[in-house]
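Student: I have a structure to look at and some questions about it. Could you go through them with me?

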There are 2 protein chains.
Amino acid sequence: MPDDNSEAKHVSNAKHNSESKRVSPLTMDSQQFREAGHQLIDQIAAFLDTLPHQRVTPAESPTVVRQALQADRPLSDRGQEPALLLNRAASLLFEHSLFNGHPRFWGYITSSAAPIGALGDLLAAAVNPNVGAWLLSPVASEIEAQTIRWIADLLHYPTDCGGIFVSGGNMANHVCFLAARQAKANWDLRTAGLNGVPLRLYCSKETHTWIQKSADLSGLGTDAIRWISTNDQLQMDATELREQIRRDLAAGERPFLVIGTAGSVSTGAIDPLPELAAICREFDLWFHVDGAYGALAALLPDAPSALSALKLADSIAVDPHKWLYAPLEAGCALVRNPDKLRDAFAYHPPYYHFGTEAINYFDLGPQNSRGFRALKVWLALQQAGREGYIQMLSDDISLAQTLFQLVKQHPALEALTHSLSITTFRYAPPGLTLRDERTQTYLNDLNRELLTRLQNSGEVYLSNAVINGKFALRVCIVNFRTTLADIQALLPLVTKMGHDLDTELRPQHLAP
Amino acid sequence: MPDDNSEAKHVSNAKHNSESKRVSPLTMDSQQFREAGHQLIDQIAAFLDTLPHQRVTPAESPTVVRQALQADRPLSDRGQEPALLLNRAASLLFEHSLFNGHPRFWGYITSSAAPIGALGDLLAAAVNPNVGAWLLSPVASEIEAQTIRWIADLLHYPTDCGGIFVSGGNMANHVCFLAARQAKANWDLRTAGLNGVPLRLYCSKETHTWIQKSADLSGLGTDAIRWISTNDQLQMDATELREQIRRDLAAGERPFLVIGTAGSVSTGAIDPLPELAAICREFDLWFHVDGAYGALAALLPDAPSALSALKLADSIAVDPHKWLYAPLEAGCALVRNPDKLRDAFAYHPPYYHFGTEAINYFDLGPQNSRGFRALKVWLALQQAGREGYIQMLSDDISLAQTLFQLVKQHPALEALTHSLSITTFRYAPPGLTLRDERTQTYLNDLNRELLTRLQNSGEVYLSNAVINGKFALRVCIVNFRTTLADIQALLPLVTKMGHDLDTELRPQHLAP
C-alpha cells in the first residue's frame with residue numbers, strides 16, 4: 001500500500017492540467033513509464049529465474065488469498081502511484097498463484113508460456129490496435145493473417161483457408177460449430193432461426209465439454225448431441241457413428257456435423273480421423289476436428305498417422321496457448337473455405353481499401369472490437385522456428401513416454417494410458433485383488449485423495465482423468481521447461497505419499 | 001531480419017540441451033529477458049512520448065503494408081534471436097498502425113489506453129494464470145472478482161451481482177443475452193434447445209449490431225428482434241415498445257427481453273431506462289442495458305438522469321476497454337442475480353476449496369481457459385481512483401460539448417447531435433437549399449468523401465454516423481489524451497477540406 005505522501009504527490013501532479021496540456025490521472029510520463037517498466041521487467045526476469053525452485057502452488061484457501069488481497073477494500077477515491085501499484089500486483093501474483101510455467105506443472109492442458117509471448121502482449125497492449133477492422137489495425141491484421149497461414153502450414157492444412165484468433169479452445173470450436181451450422185442449413189437460419197429443425201451432431205464420449213456449451217448456446221440443446229462410444233483406446237467407434245447417422249436419417253432427423261478429436265483432454269486419444277472424413281463425405285456432413293491440444297503434433301516427422309486426415313477437415317480448432325506455448329489467450333479457428341466463416345458471421349460486404357481486399361476480422365467471428373492475440377504467437381513461432389517446435393513437442397511426448405515406461409516398471413503403480421504428451425496411471429499397492437469391486441472403489445478414493453495431497457504439496461501439479469471407471473492421475477506435459485529429472489522426481493513422491501495414504505486409509509475402507 | 005550469425009548463435013544455444021537442464025528454443029535466460037525487455041520498454045516510452053507528433057494513421061493500402069511485413073514469407077525452419085524479433089515487431093507496429101492512443105483519434109469507441117494497462121498485460125502474461133479455474137489462478141480470480149465489485153459500485157449497481165470479464169461489448173452483451181434466454185425459458189432449454197418457441201426481444205433501431213449476432217448465433221434468428229422506433233433524440237419510444245409487446249403476446253409469441261442502450265454507438269443516445277424498467281416489471285421481462293460505452297457515465301455527480309435506472313437492470317454490459325481506458329480486450333458482463341449466470345453456463349456444482357466457496361469463472365461464461373483481463377483494469381482504476389475517472393470522463397464530455405458549440409457557431413457547419421462524449425455534425429456550405437432532396441444527396445456524398453480525406457490526412461481520425469438520413473461526421477472522445485487545442489484544430493481542417501471538396505464536386509453534382 002502506498003503511503004499518504006505518495007498519494008498526495010500523485011494528486012498534485014494531476015492538478016497541473018491546463019487547456020493546452022492535459023495531464024490526465026492515467027498519464028505516465030516517459031521517465032515514469034521507463035522506471036516502472038524496467039522494475040517490472042527485472043522482477044519478471046527474477047521470477048522466471050527462481051520459478052523452478054518455488055512451489056508449483058501455495059495451495060492456500062480462498063480466505064487466505066482474500067485477506068492478502070484485502071478483497072473487501074472499496075475502490076479509493078484518490079489515485080495512487082503506478083509504480084507502487086505494479087509492485088504490489090507483482091508481489092500478490094508471485095506469492096499467491098499457481099504457476100503453469102513451473103517445470104513440474106502438468107495439470108490440465110495449460111502450457112508453460114514463452115517469455116517472448118509476455119513481451120509480445122506488452123507491445124500489443126501499448127500500441128493497442130483494434131484488430132476488428134483493417135483500417136484500425138493495418139499491420140496487426142496482416143500479422144494475424146500471416147500467423148494463421150503459418151499455423152495452417154504446420155498442420156499441412158491449405159494456407160488459403162479462413163481463420164481467426166479467438167480466446168481459446170471453447171471459442172475456436174464454437175466458431176467452427178457455428179460455421180458448420182450455417183453451411184449445412186438449407187434455409188435462411190440467420191434470419192429465421194433454428195425453427196425447430198432437428199439438427200444432429202456426432203462426437204465421441206471423450207469430447208471436451210465445449211460441445212455441450214456449443215450445442216446449448218447455439219439453441220440446439222444438448223439433446224442434439226449423439227454421443228458415440230469409444231474403443232479401448234478411447235477413440236470414436238466409426239462403425240457405430242455410421243449406424244447412428246443412418247438411424248437418425250431414417251427417423252427424419254438432420255445430421256449436419258461430425259466432430260473428431262485430435263488429442264482428447266483426458267488421455268490425448270486421437271479419433272480415427274480418416275474414417276470420420278470418409279463418413280462425412282458419404283453423408284455430406286461437415287467434418288470438424290477439435291485439435292485444440294493435439295493437432296499441432298501434425299508438424300512432427302513421426303506424427304500419429306490419423307493426423308494426416310486433418311487436411312480433409314472442413315474446420316479445425318487449434319490453441320496456440322497450448323502447444324505453441326503462447327501465454328493466454330490464444331485460440332485459433334481454421335475453416336477450409338473462407339466464405340463459410342463470412343457466411344456465418346458477416347453483416348457487411350467484403351471491404352476494399354485502395355482497391356485491394358482488406359480483411360475485417362469482425363466479419364469472421366463473434367467479436368467486434370478485438371485485441372492483437374496473434375502477436376505473441378507470431379513472435380514465438382519465429383523465435384523457435386519450425387525445427388524448434390519439432391524439438392519441443394518431441395521432447396514433451398518423449399518425456400510422457402518415459403514416464404509411462406517408468407510407471408509400468410513400478411510394482412505399486414498401474415500404467416493406464418499414454419498418447420501424445422499425456423500419461424495416466426494410478427497408485428495400486430501390490431497385494432490387492434484388483435478385480436474386486438470394493439477394491440476398485442477403494443483405489444478410486446485412494447487416488448482421489450492422493451491427487452489432492454500431491455497438488456497441495458506444491459511439489460508437482462497433476463490433474464485427473466476417469467478411465468473405464470478408474471480414477472487416474474494424469475500428467476500432461478505441454479511444458480518446454482520440464483526435464484527428465486522432473487519426471488524422475490515424480491515417482492518417489494507418488495509412491496511415498498500413496499504408501500502413507502494407503503496405510504492410513506486401508507484399515508477403514510477395506511476392513512473385513 | 002537477423003543476420004546469419006545471430007541465427008547460428010541461437011541454434012547453437014539450443015543444442016546445449018541435456019537431460020538435467022532443458023534449454024528449449026523458447027528459453028530466454030534472465031539476461032536476455034532483461035535486455036530485450038528494457039529495450040522494448042524504452043521503445044514504448046519513446047513511442048508514447050512522440051505519439052502526439054505523429055500521424056494518426058499512415059493510411060497505407062493493404063499492398064504496401066503486406067510488402068513491409070513480407071506477408072508471403074513462410075515460417076522459417078530455424079529460430080531467430082528474440083531481441084531482434086521484438087525490435088522488428090515494434091518497428092512494424094510503430095510504422096504501420098493507426099493509433100487510437102493519439103490525442104486526435106476520435107473514431108469509433110476505441111479508447112486511448114492507459115500505459116499502466118500495457119504493463120498490467122505484461123505481468124498477466126508473464127505469470128499466465130488461467131482464470132478459468134480458481135485453483136489455477138487463486139489471486140487472479142480474486143482480483144477479477146474485486147474489479148467486478150468496483151465496476152458495479154461505479155455504476156451504483158449491487159456489488160453482490162454476478163459478473164465476468166469477456167473479450168468486449170459483443171461478448172458481454174451476448175453473455176447477458178444468454179442469461180436472459182435461460183432465465184425466461186420455462187422449459188429445459190439447455191437440454192431440449194429452442195424447440196421452435198417464438199421468443200421475442202425488443203430494442204431500438206439504434207442498437208449496436210451485437211444484437212443481430214446474438215439473435216443469430218443463439219438460434220433465435222434476427223426475425224426474433226422487434227425493432228422499436230426512436231424519437232428525435234434517437235431514444236427508444238417506450239409507448240411503441242409497450243404496444244409491440246402487447247401485440248406479440250396477443251399473437252401467442254413469447255417476449256422475454258428488452259434491451260435499453262446507455263450510450264448508442266452512433267450518437268451516444270441514452271434510452272429512457274426508467275420507463276423500460278417499468279415495462280419489464282409490468283410484463284415480467286428481462287431488462288438488459290447495453291452500457292458498453294456509456295454506462296460508466298453513471299459515476300459522474302451530474303450523470304444523465306436516465307442512468308439512475310441502471311440499478312434496476314437484470315444485466316448490464318460495460319466495456320473497461322472503452323471508458324475505463326483499458327487496452328483491448330476488456331469487456332464486462334454484470335448480472336444482478338449471480339445464480340442466473342451459473343444457470344446459463346455451468347456444468348458443475350459450485351466449487352469449495354478448504355470449505356470456502358471458490359469462484360470458477362468457466363462456470364459463468366462461454367470460455368474454459370481464460371486470460372487475466374482484469375489486472376489492467378484493476379491497476380488503472382487504482383492509479384486514477386474514482387476522482388480521477390470522474391475528472392477524465394467529465395473532460396471527455398466537456399470537450400465534445402465544446403466542439404458542438406464551436407460547430408454551431410460556424411456558418412459552414414451544421415451541428416447535428418451531442419450526447420455523452422459524442423458530437424456529430426456535417427459540412428454544409430452556406431447558400432444551399434437544405435430542404436432540397438438533390439442537395440441532401442449531394443451533402444451526403446460530400447461528407448462521405450470529406451470523411452475519407454480527413455482520415456487519410458493522418459491529422460485527425462473521425463468516423464461517421466447516419467442521422468435521419470444525413471451522413472454525419474462523428475467525433476467520439478474516449479481519450480484522456482485529447483486537449484482543447486486538439487478539438488480547436490479540428491474545425492479549420494474540416495472547413496478547409498470541405499471547402500476545397502465542395503469547389504471540386506459541386507459543379508458535377510449540382511449542375512443545373
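Student: How many Å separate the centres of domain 1 of chain A and domain 2 of chain A?

Tutor: Domain bounds here come from an automatic or database domain assignment, and for chain A it gives domain 1 (30-99), domain 2 (130-372) and domain 3 (388-509). This is a predicted model, where local features need pLDDT of at least 70, side-chain atom pairs count only at pLDDT 80 or more, and totals for chains, interfaces and linings use all residues. Residues are numbered from 1 along each chain as its sequence is written, chains are lettered from A, and side-chain values use heavy atoms, without hydrogens and water. Taken over C-alpha atoms, the distance between the centres of domain 1 and domain 2 of chain A is 37 Å.

Student: About how much area do chain B and chain A bury between them?

Tutor: Contact means heavy atoms within 4.5 Å, and 167 residues from chain B and 167 residues from chain A take part. Buried area is the accessible area (1.4 Å probe) that two parts lose on being put together, summed over both. Of this area, 61% lies on carbon and sulfur atoms, and the total is about 14,300 Å².

Student: Which residue of chain A forms a salt bridge with B:Arg386?

Tutor: A salt bridge is a side-chain nitrogen of Lys or Arg within 4 Å of a carboxyl oxygen of Asp or Glu. Between chain B and chain A the count is 12 salt bridges. For B:Arg386, the closest N and O atoms are 3.4 Å apart, and the partner is A:Asp77.

Student: Is B:Arg200 buried or exposed?

Tutor: B:Arg200 is found in strand 2 (residues 199-204) of chain B; strands (E, at least two residues) and helices (H or I, at least four) are DSSP runs, numbered from the N terminus. Buried means under 20% relative accessible area, exposed over 50%, partly exposed in between (1.4 Å probe, protein chains only). With a relative accessible area of 14%, B:Arg200 is buried.

Student: How many residues of helix 9 of chain B are buried?

Tutor: Helix 9 spans residues 210-217 of chain B and is mostly covered. Its buried residues include B:Trp210 and B:Leu217.
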